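Subject: Structure handover

Hello,

Here is the structure I promised to pass on. Please open it alongside this email.

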Amino acid sequence: ADLYLQAVDEIQRSLSNVSISTSSNAGKNANAVDDQSKVNTTIQIAMARLEDEFRNILITHSSALETDSLFDPSSSSISTPSHHELEEDDTLSNDDSSHHDLLQLQLQHCESSDSSTYRSTSSIREVDLMPSEAICDLQAIAMRMISSGYLRECIQVYGSVRKSAIDSSFRKLGIEKLSIGDVQRLEWEALESKIRRWIRAAKVCVRILFASEKKLCEQIFECVGTDIDDACFMETVKGPAIQLFNFAEAISISRRSPEKLFKILDLHDALMDLLPDIEAVFDSKSSDSIRVQAAEILSRLAEAARGILSEFESAVLREPSRVPVPGGTIHPLTRYVMNYISLISDYKQTLIELIISKPSTGSRYSGDQTTPDMEFAELEGKTPLALHLIWIIVVLQFNLDGKSKHYRDASLAHLFIMNNVHYIVQKVKGSPELREMIGDDYLRKLTGKFRQAATSYQRATWVSVLYCLRDEGLHVSGSFSSGVSKSALRERFKTFNAMFEEVHRTQATWLIPDTQLREELRISISEKLIPAYRSFLGRFRSHIESGRHPENYIKYSVEDLETAVLDFFEGYPVSQHLRKRSQ
């Protein structure tokens with residue numbers, strides 16, 4: 001090989017000498033022209049041979065990233081994957097899946113290894129793609145091809161072989177050749193797994209694959225100038241880089257819907273984390289387009305997140321279901337919205353940076369649809385993200401208030417509001433991040449609302465029942481005596497029995513799913529009902545028992561009522577008749 005390269009050097013010198021001779025004797029020396037032609041033919045033969053050798057060396061040493069020599073697969077030093085890296089995709093073949101795992105392990109190993117194989121620049125880990133001997137041979141050939149005017153051929157051969165190696169690594173990382181249109185036509189469920197896989201793969205591609213390709217270009221072409229190694233690098237990775245980032249771009253411009261928010265934020269966070277590395281790897285003027293594409297995708301992902309949040313607020317307000325949920329329990333919308341904003345709070349750090357304006361709370365709908373008011377003055381000092389979350393709760397309550405009007409029973413409407421606002425309060429209390437953003441002042445306001453609904457329920461249900469236990473209308477007075485009207489008293493007991501039985505029959509089927517809230521409301525009912533009934537019974541029992549068939553009027557003991565109250569809000573029917581007191 002050395003002798004062959006020396007011969008090429010001699011031919012190049014001969015070519016230079018003949019060129020000078022031909023120039024000085026132009027038109028005078030036919031032999032010089034013949035010499036020029038012979039040397040040109042010889043150099044072409046030499047370059048064709050060198051091009052083949054260049055290609056063969058590249059092919060021999062070009063393969064997907066090898067990992068066996070870099071770490072021990074049984075090592076316990078491998079880092080734990082992040083939350084969106086835990087779920088594996090099943091679409092890889094067995095061979096590809098195995099190699100995919102190796103690539104993932106390599107990335108993890110890079111982050112914990114101090115091996116001299118890697119050169120660390122921030123989070124970039126450059127791996128040697130070829131042995132030094134091969135690099136020296138390639139460098140020697142490249143120098144001679146370029147100095148002989150075969151730069152284009154050198155770059156094309158290098159790019160085609162290395163691009164094939166990158167394509168192989170892409171396949172093993174599970175990166176598919178999908179156009180933007182292909183991505184946008186996929187169902188969201190299929191895209192979710194692809195997004196998880198893309199995030200894992202993008203880290204490997206930018207921090208190892210592309211960075212190592214750049215290093216290889218520098219090693220081979222450093223002797224002939226940075227412009228050439230940049231050209232070779234871009235010839236190799238521009239297509240794969242565009243393929244990689246086109247996926248994220250397609251997601252950023254896809255149709256917006258609430259379920260996409262969190263994967264879009266995952267993509268945004270991953271790309272934001274990678275951006276300094278992208279700028280470091282693609283730092284030349286020739287790679288401007290890659291840096292610009294990445295920055296624009298990041299911007300569009302941020303805009304998509306803001307747009308989805310705004311559209312989610314509108315969707316909560318417009319949610320059209322009119323069929324009342326049975327038993328006044330928690331509406332599915334309430335569960336969905338509160339679980340959604342709990343997840344939003346998990347992305348607090350990202351969204352605080354993205355959400356920089358207050359929610360739009362003006363009327364945005366025509367006809368009967370209006371929006372509630374929100375006093376920003378009461379929420380001074382809160383971040384725009386916190387205001388958006390509070391606004392979502394405000395419009396949720398507004399929607400729930402509308403849904404409560406579809407209950408024919410006012411008591412059940414109040415119970416429905418109590419259940420749902422109580423659920424909102426519990427979800428806020430259960431998330432430290434959400435509670436911190438919402439704030440205790442607003443939380444107290446919500447607590448006051450569900451307690452007011454509980455009070456309204458008790459008034460709507462029990463005022464008329466307790467009204468039966470009053471003394472007014474039972475006493476009669478005459479010329480010679482005064483006393484209790486037994487007929488009025490019997491009617492009063494009959495009315496109370498009928499009303500309580502109806503309340504018991506109906507409200508046993510109503511549901512308060514929270515055990516503590518259910519118990520608190522039962523206690524509150526008992527504290528009003530039981531003393532009033534005990535007192536009424538104590539005052540008038542003798543008047544009924546002295547007459548005929550007292551069991552038809554005093555049907556229940558105090559203990560019977562105490563037991564009956566325990567049936568309330570369980571969500572299932574009870575016996576039509578209450579359990580009677582012992583005779």
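Below is what was found in it, from the whole chain down to single residues.

First, a caution: this is a predicted model.

The chain as a whole

The protein chain has 583 residues, and 48% of them count as buried. It holds 19 helices and 4 strands. Take the contacts with a separation of 6 or more: 81% of them join residues 24 or more positions apart. The accessible surface is about 28400 Å². Carbon and sulfur atoms account for 50% of that surface.

The nonpolar core

The largest nonpolar core has 168 residues. Seven names to look up are Phe54, Trp198, Phe210, Phe221, Phe245, Phe282 and Ile344, which touch the most other members. Helix H7, residues 188–221, gives the largest share of this core, with 18 residues. In soluble globular proteins, nonpolar side chains tend to be buried together.

Leaving out residues up to four places away in sequence, Phe221 touches Phe54, Ala142, Ile146, Cys154, Tyr158, Ile228, Asp229 and Cys232.

The cavities

How many cavities of 30 Å³ or more are there? The count is 2.

Helices H7 and H8 (226–252) each supply at least two of the lining residues.

Around it sit Ser321, Arg322, Val323, Pro324, Val325, His331, Lys403, Tyr407 and Phe416.

A loop residue to check

Leu469 lies in the loop between helix H16 (440–467) and strand S3 (475–477). Is Leu469 buried or exposed? Its relative accessible area is 7%, so Leu469 counts as buried, the cut-off being under 20%. Which residues does Leu469 touch, not counting those up to four places away in sequence? They are Phe496, Ala532, Tyr533, Phe536 and Arg539. Tyr533 is 64 residues from Leu469 in sequence, yet their C-alpha atoms are 6.6 Å apart in space.

Best wishes

Technical notes:
Residues are numbered from 1 along each chain as its sequence is written. This is a predicted model: local features need pLDDT of at least 70, side-chain atom pairs count only at pLDDT 80 or more; totals for chains, interfaces and linings use all residues. Side-chain values use heavy atoms; hydrogens and water are left out. A nonpolar core is a set of buried Ala, Val, Leu, Ile, Met, Phe, Trp, Tyr and Cys residues joined through side-chain atoms within 4.5 Å. Buried means under 20% relative accessible area, exposed over 50%, partly exposed in between (1.4 Å probe, protein chains only). Contact means heavy atoms within 4.5 Å. On a 1 Å grid over the protein atoms alone, a cavity is a set of points where a 1.4 Å probe fits but cannot get out, and a pocket is an open set with protein on both sides within 12 Å along at least five of seven lines; lining residues have an atom within 4 Å of a point. Grid points are joined across faces, edges and corners, and a volume is the space filled by probe spheres set on the points. Accessible areas come from the Shrake-Rupley method with a 1.4 Å probe; for residues, only the protein chains shown count as cover.
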